[in-house]
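Thank you for asking me to look over this model.

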Amino acid sequence: MSLPLRQKQEHTLFYSSLCPFSRKIRLQLAEKKMMWRAFEERLFAPSEKLCSLNPEGTTPVLVMGGDVLVKSYAIQEYIEERVPDFSLLGDKPSARGEVRRLLSWFDEKLFYEVTQKFLNEKVIKRSRGNCEPDASVLRQARQALYEHMDYIGWLFDRRSWLAGSQLTLADLAAAAQLSCIDYLGDVSWDKYPSTKEWFVKMKSRPSFRPLLMESFVGIIPSRTYRMLDF
């Protein structure tokens, strides 16, 4: 009898600490209890090794045996197919449809409207030096964030988890995005009690703990970032 995939071999993940897509895959690997080696990349400053695996130079990249997986949506589907003993996509077609809808919402809409703007203004510009954040862009991001926080709270008020009755990739994707924003101190949690309750639930999972212990060079995490109950 062959061993489960997660016990057969160690996998390699190239990731960036404040890349929300890297965080989503790290959470998925941890929830699946898969062993993996980590190679941390500088955000938007890829190494030669990373570029040899992914010419775009973006994270995450997962190497499993002879397979090289690029882009989080491809990686997450690959992991679900290779480790199917419990599903983070949902057990029924209708459930999987809802999970994928929310994945698109968080990975695309939330990222482009909010997370990307905060990262660019507060992290990328700082790393370049002599570049001040654009206050108007930050205002736009905060306004969009309020709407996303309301929506996450609305979902959690009606469900045990964001996509339904069980933890799914939708929760991991949303938590990955919000954890990056929270690190930078741009979430007013007390204004969104339902979203806060869901996020406390996520932060309390063992899979989340490694993220809470990390620090990004030159940027101190927010006061609430490492708190499980805040």
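How many salt bridges are counted between domain 1 and domain 2?

1. The count between domain 1 and domain 2 is 3 salt bridges, and it should be kept in mind throughout that this is a predicted model. According to an automatic or database domain assignment, the chain is divided into domain 1, covering 11-82, and domain 2, covering 93-213. The centres of the two domains, taken over C-alpha atoms, are separated by 20 Å.

2. As for the contact between the domains, 17 residues of domain 1 are in contact with 22 residues of domain 2. The size of an interface is often given as the accessible area lost when the parts come together. Here the area buried between domain 1 and domain 2 is about 1800 Å², and carbon and sulfur atoms give 72% of that area. On the domain 1 side, Leu-18, Arg-23 and Leu-27 lose the most area to domain 2, and together they account for 34% of what that side buries.

3. Which strands pair with E1, and in which sense? With strand E2, residues 36-40, the pairing is parallel and runs over 5 bridges, and Leu-13 stands opposite Ala-38 in E2. With strand E3, residues 61-64, the pairing is antiparallel and runs over 3 bridges, and here Phe-14 stands opposite Val-61. Strands E1 and E2 also belong, together with helix H2 (residues 20-31), to a right-handed β-α-β unit.

4. E3 and E4 pair in the antiparallel sense over 4 bridges, with Met-64 standing opposite Asp-67 in E4. The hairpin that these strands form has 2 residues between the strands, and within the hairpin Gly-65 takes a positive phi near 65 degrees.

5. A cis peptide bond, with omega about 5 degrees, joins Thr-59 and Pro-60, and Pro-60 is found in the loop between helix H3 (48-53) and E3. Lys-33, in the loop between H2 and E2, has a phi near 60 degrees, which is a positive value in a residue other than glycine. Lys-71, in the loop between strand E4 (67-70) and helix H4 (72-82), likewise has a positive phi, near 80 degrees, and is not a glycine.

6. Are these two lysines buried or exposed? Lys-33 has a relative accessible area of 65%, and because the cut-off for exposed is over 50%, Lys-33 counts as exposed. Lys-71, at 28% relative accessibility, counts as partly exposed.

7. Leaving aside residues up to four places away in sequence, Gln-76 touches Lys-24, Ile-25, Gln-28, Leu-103, Asp-107 and Leu-169. Gln-177 is found in helix H7 and is buried at 1% relative accessibility. With the same exclusion of sequence neighbours, Gln-177 touches Pro-20, Phe-21, Phe-106, Asp-107, Leu-110, Phe-111 and Thr-115. The C-alpha atoms of Gln-177 and Thr-115 are separated by 6.5 Å, although these residues lie 62 residues apart along the chain.

8. Helix H8, residues 193-203, is mostly covered, with 8 of its 11 residues buried. The buried residues are Ser-194, Thr-195, Lys-196, Trp-198, Phe-199, Val-200, Met-202 and Lys-203. The buried residues of H8 pack against helix H6 (135-158), helix H7 (169-183) and helix H9 (209-212).

Note on methods: Residues are numbered from 1 along each chain as its sequence is written. This is a predicted model: local features need pLDDT of at least 70, side-chain atom pairs count only at pLDDT 80 or more; totals for chains, interfaces and linings use all residues. Side-chain values use heavy atoms; hydrogens and water are left out. Two strands pair if DSSP finds at least two bridges between them. A crossover is right-handed if, with the strands pointing away from the viewer, the path from the first strand over the helix to the second runs clockwise. Contact means heavy atoms within 4.5 Å. Buried area is the accessible area (1.4 Å probe) that two parts lose on being put together, summed over both. A salt bridge is a side-chain nitrogen of Lys or Arg within 4 Å of a carboxyl oxygen of Asp or Glu. Buried means under 20% relative accessible area, exposed over 50%, partly exposed in between (1.4 Å probe, protein chains only).
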